[in-house]
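Dear colleague,

I am passing on the structure we spoke about, and I would be glad if you could look through it alongside the notes below.

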Amino acid sequence: MVFKLPEKDKKFTTVSIPTPLFKKIKERIKDTGFTSVSSYVTYVLREIVAEEEEEGEPFSKEDEERIKQRLRALGYLG
Amino acid sequence: MPKPHGGKLINREIAEREKEKFLEQASELPTLNVEEGLAKDLENIAKGVFSPLEGFLLEEDYFNVLNDKRLANDLPWTLPIILDAPSNFEKRNDDTITLSYENRPLALMHVEEVYGYNKREFAQKVYGTLDNIHPGVAKLKDMGDLLLGGKIDLINEMKTPFSKYNLRPVETRILFKEKGWRTIVGFQTRNAPHQGHEYVQKTALTFVDGVFINPVIGKKKKGDFRDEVILEAYDALIKHYYLKDRAVISILPFEMRYAGPREAIFHAIVRKNFGCTHFIVGRDHAGVGDFYPPYAAQDIFDEFPDLGIIPLFFKEFYYCKKCGGVVNEKTCPHEEEQCIKFSGTKIRELFIRGQRPPEEMMRPEVTNIILRSGNPFVE
């Protein structure tokens with residue numbers, strides 16, 4: 001019998017990449033800090049995903065004006 | 001300017017007009033008193049300093065941080081921000097409680113989870129040691145056996161004598177924008193500035209638009225400089241040696257964990273939330289004693305290609321009499337006898353004896369502030 005973790009408890013999943021690419025990566029990571037093709041691919045993908053994160057507007061115009069007033073009062077803005 | 005960590009600046013502060021209603025509610029709820037360090041964590045969560053956290057870690061996040069140095073959603077996060085409670089804490093999930101500091105209600109917490117944790121595992125993974133000499137390990141012994149996870153709403157701020165230096169991330173972001181800074185380097189410190197600090201900051205400043213000096217204010221080790229001395233010393237340094245429009249100082253109320261490499265990543269995330277694009281990491285950042293290799297806090301950045309802030313690594317600096325300036329092993333060819341090291345211990349010893357450090361080591365204006373302060377050190 002195979003015990004399967006519920007989907008929410010799985011920490012890793014599998015993706016497929018072309019075998020020649022896998023071999024190239026395997027060659028490339030020799031003598032680096034990467035211990036596997038998976039760890040290398042995870043590293044690269046994290047880098048790409050981080051660059052694409054969305055940003056919400058952190059403050060309204062009203063808030064901005066109120067904050068500028070406080071910054072002036074504290075001497076941070078002239 | 002970089003996006004806040006996780007993409008959104010968190011605000012869990014109750015608006016002024018609603019405070020009365022929340023205070024009334026707080027007075028009717030079960031209360032948990034928290035110590036100073038936790039009260040500071042609360043404020044940092046509420047003000048967005050710890051974005052994307054909206055409260056104390058839930059169990060899944062806690063174990064992810066411990067094991068993978070990431071939140072459950074894969075976002076880099078290296079220090080567990082946790083709230084402990086005694087083992088007799090009534091385990092009622094989905095409760096709201098009041099968190100108080102010195103018998104004054106600070107926040108409401110919506111307890112989503114109550115869970116156990118292993119202190120030895122925590123110590124080994126976060127501090128890399130079980131040695132009680134490490135202040136983080138020693139503190140763990142006094143912590144409760146349960147952890148509470150859930151969002152918080154801040155009702156009252158802690159009272160601080162340094163409120164004029166206490167800016168929120170939303171405020172620093174607007175300040176940097178107003179100053180026209182697009183690139184900002186963050187500098188973490190818990191010391192009065194010597195020439196080595198100034199040199200590192202100014203070297204970094206050569207490449208960016210502004211420097212954000214962000215001293216940690218709060219409980220420190222015996223022998224550290226007192227908070228008010230650090231702030232006055234920096235004010236003097238900035239006044240006499242920095243361009244007014246290139247340096248900003250604001251405090252970070254936070255209890256140091258001395259978690260070395262893990263804390264270096266955490267410090268970088270916090271500065272990213274303040275709006276910094278770069279962060280200075282020197283030798284033995286956030287270290288204590290000999291618990292971490294001198295440059296472990298730099299090496300750990302290799303694990304985080306998705307951090308969203310650029311670390312600037314610096315080697316140890318010293319003053320070379322022959323070069324006539326501050327140098328490091330990469331820039332100075334002269335023998336060791338020519339060097340004056342910026343040793344914190346040596347500077348401390350000089351002050352304890354009432355002596356002035358040489359000007360090559362510390363600016364005279366900074367020295368004057370420290371000498372005038374009476375006892376400049378934490379006892």
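The notes that follow go from the model as a whole to single residues.

Please bear in mind throughout that this is a predicted model. The predictor gives the complex an ipTM of 0.85 together with a pTM of 0.92, and chain B has an average pLDDT of 94, with 99% of the residues scoring at least 70.

On the contact between the chains, 20 residues of chain A and 17 residues of chain B take part. Within the side of chain B that touches chain A, the largest share comes from helix α6 (residues 169–179) of chain B, which gives six residues. Sorted by class, that side of chain B has eight charged, seven nonpolar and two polar residues.

Turning to chain B itself, the domain assignment gives domain 1 (5–154) and domain 2 (163–372), and the C-alpha centres of these two domains of chain B lie 28 Å apart. Their contact takes 23 residues from domain 1 of chain B and 29 residues from domain 2 of chain B. On the domain 1 side, the elements that give two or more residues are α2 (36–47), α4 (119–127) and α5 (135–141) of chain B, and the largest share, six residues, belongs to α2(B). By class, this side of domain 1 of chain B has 10 polar, eight nonpolar and five charged residues.

The largest nonpolar core has 103 residues, and those with the most contacts inside it are Leu42(B), Ala107(B), Val185(B), Phe212(B) and Ala233(B). Both domain 1 (5–154) and domain 2 (163–372) of chain B supply at least three residues to this core. Leaving aside residues up to four places away in sequence, Ala107(B) touches Leu42(B), Ala46(B), Leu99(B), Ile152(B), Asp153(B), Leu154(B) and Ile155(B).

The pairing of β5(B) with β6(B) is antiparallel and runs over nine bridges. Strand β3 (residues 83–85) of chain B pairs with β6(B) in the antiparallel sense over three bridges, and there Asp84(B) has Leu147(B) as its bridge partner. β2(B) likewise pairs with β6(B) in the antiparallel sense, over two bridges, with Gly55(B) facing Lys151(B) as bridge partner.

Some backbone details may be worth a look when you have the model open. The peptide bond from Ser51(B) to Pro52(B) is cis, with omega near 15 degrees, and Pro52(B) is found in the loop between α2 and β2 (55–56) of chain B.

Asn103(B), in the loop between β4 (95–101) and β5 (104–116) of chain B, has a phi near 65 degrees, which is a positive value in a residue other than glycine. Asn103(B) counts as exposed because it has 7 C-beta neighbours inside 10 Å, and a residue is called exposed at 12 or fewer.

In chain A, phi of Asp31(A) is near 65 degrees, again a positive value in a residue other than glycine, and Asp31(A) sits in the loop between α1 (19–28) and α2 (37–51) of chain A. Asp31(A) counts as exposed because 6 C-beta neighbours lie inside 10 Å.

With best wishes

Note on methods
Residues are numbered from 1 along each chain as its sequence is written. Chains are lettered from A and ligands numbered from 1 in the order in which they are written. This is a predicted model: local features need pLDDT of at least 70, side-chain atom pairs count only at pLDDT 80 or more; totals for chains, interfaces and linings use all residues. A nonpolar core is a set of buried Ala, Val, Leu, Ile, Met, Phe, Trp, Tyr and Cys residues joined through C-beta atoms within 7 Å. A residue is buried if 20 or more other C-beta atoms lie within 10 Å of its own, exposed if 12 or fewer, and partly exposed in between; C-beta atoms are placed from the backbone. Domain bounds come from an automatic or database domain assignment. Two residues are in contact if their C-beta atoms, placed from the backbone, lie within 7 Å. Helices (H or I, at least four residues) and strands (E, at least two) are DSSP runs, numbered from the N terminus. Ala, Val, Leu, Ile, Met, Phe, Trp, Tyr, Cys and Pro count as nonpolar, Asp, Glu, Lys and Arg as charged, and the others, Gly among them, as polar. pLDDT is the predictor's confidence in each residue, from 0 to 100. Two strands pair if DSSP finds at least two bridges between them.
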